[in-house]
Amino acid sequence: MSGSTPTDVDTPFWMALEAGHLELQRCAACKTWHWPAVVHCRSCGSFDQEWLRVPLKGTVFTWTRTHHPFPGTGGLKTPFVTALVTIEATPVQLMGILEGDQEGLTIEARVTGRVLAGSESTSGKPAIRWRLDR
Ligand SMILES: [Zn+2]
């Protein structure tokens, strides 16, 4: 995607989330996935970047449970779990709140995500919510 500037390089990510799905950036030349988004490939230097729709599925890389509220967590009921998830078929990792039953939460547990529409509690941006696969 030549012509991008550092200020709008991740716009396709946010537009896709606002439409309810996930798109990630990959180098069209060497197929290296990038997140955060880049203007040119860190691997081969190409400016030819593409955005591909990928399933909101992955595995838990790590997680933490928060018991006390802090600024920015106003809309969340404590305790809550934040998971860092490796997106299926990519090395990309995205963070999100884990919702629903947490029985069986372990490293490498499989999860499926959904997009939560932007609200006051997410500073107007859409957010990803994860749920353990059953
Ligand atoms: Zn590349």
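By salt bridge I mean a side-chain nitrogen of Lys or Arg within 4 Å of a carboxyl oxygen of Asp or Glu.

Before we go on, this is a predicted model, where local features need pLDDT of at least 70 and side-chain atom pairs count only at pLDDT 80 or more, while totals for chains, interfaces and linings use all residues. Residues are numbered from 1 along each chain as its sequence is written, and side-chain values use heavy atoms, with hydrogens and water left out.

So where are the domains? Domain 1 covers 11-54 and domain 2 covers 57-132; such bounds come from an automatic or database domain assignment. Their C-alpha centres are 21 Å apart. Eleven residues from domain 1 and eleven residues from domain 2 take part in the contact, meaning heavy atoms within 4.5 Å.

What does that contact bury? About 920 Å² between domain 1 and domain 2, with 85% given by carbon and sulfur atoms. Buried area here is the accessible area (1.4 Å probe) that two parts lose on being put together, summed over both. On the domain 1 side, W14, L17 and W33 lose the most area to domain 2, together 48% of what that side buries.

Which elements of domain 1 give two or more residues to the side that touches domain 2? They are helix 1 (11-18) and strand 1 (22-27). Helices (H or I, at least four residues) and strands (E, at least two) are DSSP runs, numbered from the N terminus. Helix 1 gives the largest share of that side, four residues.

Now, back to salt bridges: the structure as a whole holds five. In one of them, the side chains of R26 and E50 meet at 3.0 Å, N to O. R26 sits in strand 1 and E50 in strand 3 (residues 49-54), so this pair ties together parts that are 24 residues apart in sequence.

Next, look at R114 and E99, whose side chains form a salt bridge at 2.6 Å, N to O. R114 is in strand 7 (residues 110-116) and E99 in the loop between strand 6 (93-98) and strand 7, 15 residues apart. Is E99 buried or exposed? E99 is buried, at 17% relative accessible area; buried means under 20%, exposed over 50%, and partly exposed in between (1.4 Å probe, protein chains only).

E99 also has a salt bridge with R131, the closest N and O atoms being 3.8 Å apart. R131 lies in strand 8 (residues 127-132), 32 residues away from E99. R131 is partly exposed, at 42%. Through shared partners, E99, R114 and R131 join into one network.

Last stop: S46, in the loop between strand 2 (33-34) and strand 3. S46 is buried, at 16% relative accessible area. Its side chain reaches the backbone nitrogen of D48 at 2.9 Å. Leaving out residues up to four places away in sequence, S46 touches C27, A29, V39, H40 and C41.

Note on methods:
Polar contact = N/O pair within 3.5 Å; in protein donor to acceptor, adjacent residues only side chain to side chain.
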